[in-house]
Amino acid sequence: MFSSVDLLNLTIDKFCLPSDYALAKLLGVTPGLISKHRSKPFGLSDDLALKVADKLEYDPAFVIACVNYERAKSAVQKEVYFRLAALAKLNPERPARLRK
């Protein structure tokens with residue numbers, strides 16, 4: 001499972017970005033939102049998770065499951081998202097219909 005911060009760091013690494021400001025620009029969000037995620041991780045929104053999945057070329061189902069796991073309040077919810085992430089990870093390639 002990747003946390004929101006892990007996913008942001010992977011994106012920075014993939015694109016050799018010099019700063020969170022550059023990351024925000026790449027993702028089309030404000031630098032303040034990136035800073036907010038770094039200082040108090042609470043799970044990326046599904047929309048932002050989809051942008052990150054697209055940039056990383058990860059299966060969106062896996063990324064959405066990871067961020068929802070991070071946001072989950074109960075152990076039951078965490079278990080469901082963990083299982084969904086595991087199922088998505090069995091097929092790590094992005095579905096062909098989601099490729100550009």
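Hi everyone, and thanks for coming. Two bits of bookkeeping to start. Because this is a predicted model, local features need pLDDT of at least 70 and side-chain atom pairs count only at pLDDT 80 or more, while totals for chains, interfaces and linings use all residues. Residues are numbered from 1 along each chain as its sequence is written, and side-chain values use heavy atoms, with hydrogens and water left out.

Let's begin with the overall picture. The protein has six helices and zero strands, where helices (H or I, at least four residues) and strands (E, at least two) are DSSP runs numbered from the N terminus. Along the sequence that reads α-α-α-α-α-α. For 100 residues, a compact globule would have a radius of gyration near 13 Å, and the protein agrees, with 13 Å; that radius is taken over C-alpha atoms, and the globule rule is 2.2 Å times the number of residues to the power 0.38. Along the principal axes, the C-alpha atoms fill a box of roughly 35 × 35 × 20 Å.

Now some surface numbers. The accessible surface comes to about 6100 Å², and 59% of it belongs to carbon and sulfur atoms. For the method, think Shrake-Rupley with a 1.4 Å probe, where for residues only the protein chains shown count as cover. Of the 100 residues, 33% are buried. Buried here means under 20% relative accessible area, exposed means over 50%, and partly exposed is in between (1.4 Å probe, protein chains only). As for contacts, meaning heavy atoms within 4.5 Å, residues 24 or more positions apart account for 55% of those with a separation of 6 or more.

On to helix α4, residues 46–56. Which of its residues are buried? They are L48, A49, V52, A53 and L56. These residues lie on the same side of α4, because they cover an arc of only 140° around the axis; the arc is that of the directions from the helix axis to the C-beta atoms. Their cover includes α1 (4–15), α2 (20–27), α3 (31–39) and α5 (60–71).

Just after α4 comes E57, with a positive phi of about 60°, although E57 is not a glycine. This residue lies in the loop between α4 and α5 and is exposed, at a relative accessible area of 53%. C16 is also not a glycine, and has a positive phi of about 50°. You'll find C16 in the loop between α1 and α2, where it is exposed at 67% relative accessible area.

Next, the rings. A pair of aromatic rings is described by the distance of the centres and the angle of the planes. The structure holds three aromatic pairs. The cut-offs are these: rings of Phe, Tyr and Trp (its six-membered ring) pair if their centres lie within 6.5 Å, with planes under 30 degrees apart called stacked, over 60 edge-to-face and the rest tilted. F2 and Y58 are stacked, at 6.2 Å centre to centre and 25° between the planes. Since F2 lies in the segment before α1 and Y58 in the loop between α4 and α5, the pair ties together parts that are 56 residues apart in sequence. F2 is partly exposed at 28%, and Y58 is partly exposed at 25%.

F2 also pairs with F62, this time edge-to-face, at 5.8 Å centre to centre and 85° between the planes. That pair joins the segment before α1 to helix α5, 60 residues apart. F62 is buried, with a relative accessible area of 8%. Ring pairs link F2, Y58 and F62 into a cluster.

One more ring to look at: the charged end of K78 sits over the ring of Y69, 4.5 Å from its centre. That label requires NZ of Lys or CZ of Arg within 6 Å of the ring centre and within 35 degrees of the ring normal.

Let me finish in helix α5, which holds V67 and N68. V67 is buried, with a relative accessible area of 0%. What does V67 contact, leaving aside its neighbours within four places in sequence? The partners are S4, L7, G43, L44, D46 and A49.
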